[in-house]
Amino acid sequence: MKIINFKLQITNSGLILIFLLTTCHVSLVTAPLAAKWGGVDESVVEKYAEEHGRAAREPLINTDQGDLLLFLFLLAGTVGGFIAGYYWKQLTEKKKGTKVVQDNSKAV
Amino acid sequence: MKFQISNIKYKNSGVLTLLLTACCLLLTAGEARAMHIAEGILPFNWAALWFAVSIPFVAYGLRRLKILSRTDLSVKPLVGLLAAIVFVISCMPIPVPTAGTCSHPGGTAIPAILVGPSISVLVAAVALLIQALFLAHGGLTTLGADIASMGVMGAFTGFAVFKLLRRFHVNLSLSAFFAGMLSDWAIYLATSVELAAGIRGDAAFIPLFTKIVIAFVPTQLPLGILEGVMTAGMVSLLARRRVDLLVKLGVIEPEHAGETV
């Protein structure tokens with residue numbers, strides 16, 4: 001049983017790694033074409049808004065200046081990734097003798 | 001002993017993989033934004049209306065979180081994990097080769113399935129606020145509209161689809177997949193409604209709404225499928241690692257705890 005679980009875990013981590021490598025590959029390949037890969041906010045939302053006389057304004061705190069936004073996205077990703085990893089570790093640490101009790105009070 | 005060491009290594013590599021995935025995906029971010037409606041696009045009355053719609057949901061989510069975390073200590077790390085996941089996923093531009101554009105998933109189906117839709121709205125609101133403040137990703141005046149689409153619509157659609165499919169005894173992963181996929185599409189439908197209603201002026205609503213929905217389709221159709229895969233992956237991974245938690249939260253019935261995910 002343990003061996004089967006271990007094999008499942010290996011398969012899972014393999015799948016995650018494949019996803020990660022594919023994403024990195026796509027990112028590297030598409031990096032020079034960055035201008036082509038605009039967000040749908042520009043190609044749909046802002047396009048139709050402008051057509052109807054509602055152009056987007058500058059954000060209140062405009063971080064879209066030079067590499068500042070890139071830095072903030074990287075920082076947000078690192079912090080977000082760290083928090084996700086930290087809590088994942090807390091949740092998946094083995095807890096022996098945990099009782100399985102259903103909480104029927106869960107509501108919408 | 002060997003298995004214990006392997007398990008520890010696996011846990012560490014899992015954490016590392018999460019970190020690397022988040023970093024690699026966000027490194028590609030650049031200026032890309034997506035479904036979030038930018039500052040100034042919606043007129044004041046529509047922006048105010050969407051705030052009025054979303055605030056009660058956020059307030060109720062906060063109340064649910066307080067109640068749940070009082071009775072169960074494991075809810076806090078779970079909500080922390082889900083908040084980080086929603087934040088990262090919803091500012092992660094994914095290139096869609098079929099459309100030549102980028103867009104991002106909403107990610108709100110995952111917390112909706114695990115901790116309920118109202119807490120999912122709260123998580124989305126926090127993520128959207130940080131993005132609007134510091135990442136030039138969505139506007140502050142349009143925050144209510146973004147919460148209504150990504151938070152309310154995304155979370156409640158994901159939750160309803162998951163519960164409905166589980167009632168018909170559909171497999172856990174498949175239910176989560178459809179919940180994620182339909183939740184993503186619902187977010188973009190809601191965004192189209194908000195946009196068409198806000199910008200139409202004297203133009204007819206339905207033709208403009210249809211035009212916006214059609215414009216979203218090439219990007220969001222494949223992205224919805226990807227969001228379904230991500231949701232199914234997350235839920236089935238938790239079911240394998242902490243089935244007791246899912247049973248406690250009412251995601252799985254105790255008699256189905258041993259079923260294949």
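How many helices and strands does the secondary structure of chain B come to? Chain B comes to nine helices and two strands. Here helices (H or I, at least four residues) and strands (E, at least two) are DSSP runs, numbered from the N terminus.

## Model and confidence

This is a predicted model, in which local features need pLDDT of at least 70, side-chain atom pairs count only at pLDDT 80 or more, and totals for chains, interfaces and linings use all residues. Residues are numbered from 1 along each chain as its sequence is written, while chains are lettered from A and ligands numbered from 1 in the order in which they are written. The scores are ipTM 0.77 and pTM 0.78.

The predictor's confidence in each residue is pLDDT, on a scale from 0 to 100. Chain B has an average of 87, with 85% of the residues at 70 or above. Chain A has a mean of 74, and 54% of its residues reach 70 or more.

## Chain A

Chain A has three helices and zero strands. Its pattern along the sequence is α-α-α. Chain A has 108 residues, of which 22% count as buried. A residue is buried if 20 or more other C-beta atoms lie within 10 Å of its own, exposed if 12 or fewer, and partly exposed in between; C-beta atoms are placed from the backbone.

Among the elements of chain A, helix H1 (residues 2–30) has the lowest mean pLDDT, 58. Helix H3 (residues 68–92) of chain A has the highest, 92. Over residues 27–34 of chain A the pLDDT is below 50, and this stretch has six contacts beyond near neighbours in sequence. Two residues are in contact if their C-beta atoms, placed from the backbone, lie within 7 Å.

## Chain B

From the N terminus, the elements of chain B run α-α-α-β-β-α-α-α-α-α-α. Of its 261 residues, 57% count as buried. Take the contacts in chain B between residues at least 6 apart in sequence: 75% of them join residues at least 24 apart.

Over residues 22–32 of chain B, pLDDT stays under 50. For that stretch the model has 34 contacts beyond four places in sequence.

## Helix packing: H3(B) with H5(B)

Helix H3 (residues 75–90) of chain B packs with helix H5 (residues 117–134) of chain B at an angle of about 50 degrees, their axes 9 Å apart. That makes H3(B) oblique to H5(B). Axes are lines fitted to C-alpha atoms, for helices over the stretch in contact, and angles run from 0 to 180 degrees between N-to-C directions. Angles under 35 degrees count as roughly parallel, over 145 as roughly antiparallel, 65 to 115 as roughly perpendicular and the rest as oblique.

The crossing of H3(B) and H5(B) is right-handed. A crossing is right-handed if the near helix is turned clockwise from the far one by less than a right angle, and left-handed if anticlockwise. In H3(B), B:Val79, B:Leu82, B:Ala83, B:Val86, B:Phe87 and B:Ser90 meet residues of H5(B) including B:Ile119, B:Val123 and B:Ile130. By class, this contact has eleven nonpolar, one polar and no charged residues. Ala, Val, Leu, Ile, Met, Phe, Trp, Tyr, Cys and Pro count as nonpolar, Asp, Glu, Lys and Arg as charged, and the others, Gly among them, as polar.

## Helix packing: H2(B) with H6(B)

The axes of helix H2 (residues 44–71) of chain B and H6(B) come within 7 Å and cross at roughly 45 degrees. H2(B) and H6(B) are therefore oblique to each other. The crossing is left-handed. Among the residues that make the contact are B:Trp50, B:Phe51 and B:Phe57 of H2(B), and B:Gly144, B:Ile147 and B:Gly151 of H6(B). By class, the contact of H2(B) with H6(B) has ten nonpolar, three polar and no charged residues.

## Loop residues

Most residues other than glycine have a negative phi. B:Ala136 is not a glycine, yet has a positive phi of about 50 degrees. B:Ala136 lies in the loop between H5 and H6 of chain B. B:Ala136 is buried, with 25 other C-beta atoms within 10 Å. B:His169, also not a glycine, has a positive phi of about 60 degrees. B:His169 lies in the loop between H6 and helix H7 (172–199) of chain B. B:His169 is exposed, with 9 other C-beta atoms within 10 Å.

B:Gly139 is in the loop between H5 and H6 of chain B. B:Gly139 counts as buried because 23 C-beta neighbours lie inside 10 Å. Not counting residues up to four places away in sequence, B:Gly139 touches A:Pro59, B:Ile37, B:Ala38, B:Glu39, B:Gly40 and B:Ala132.
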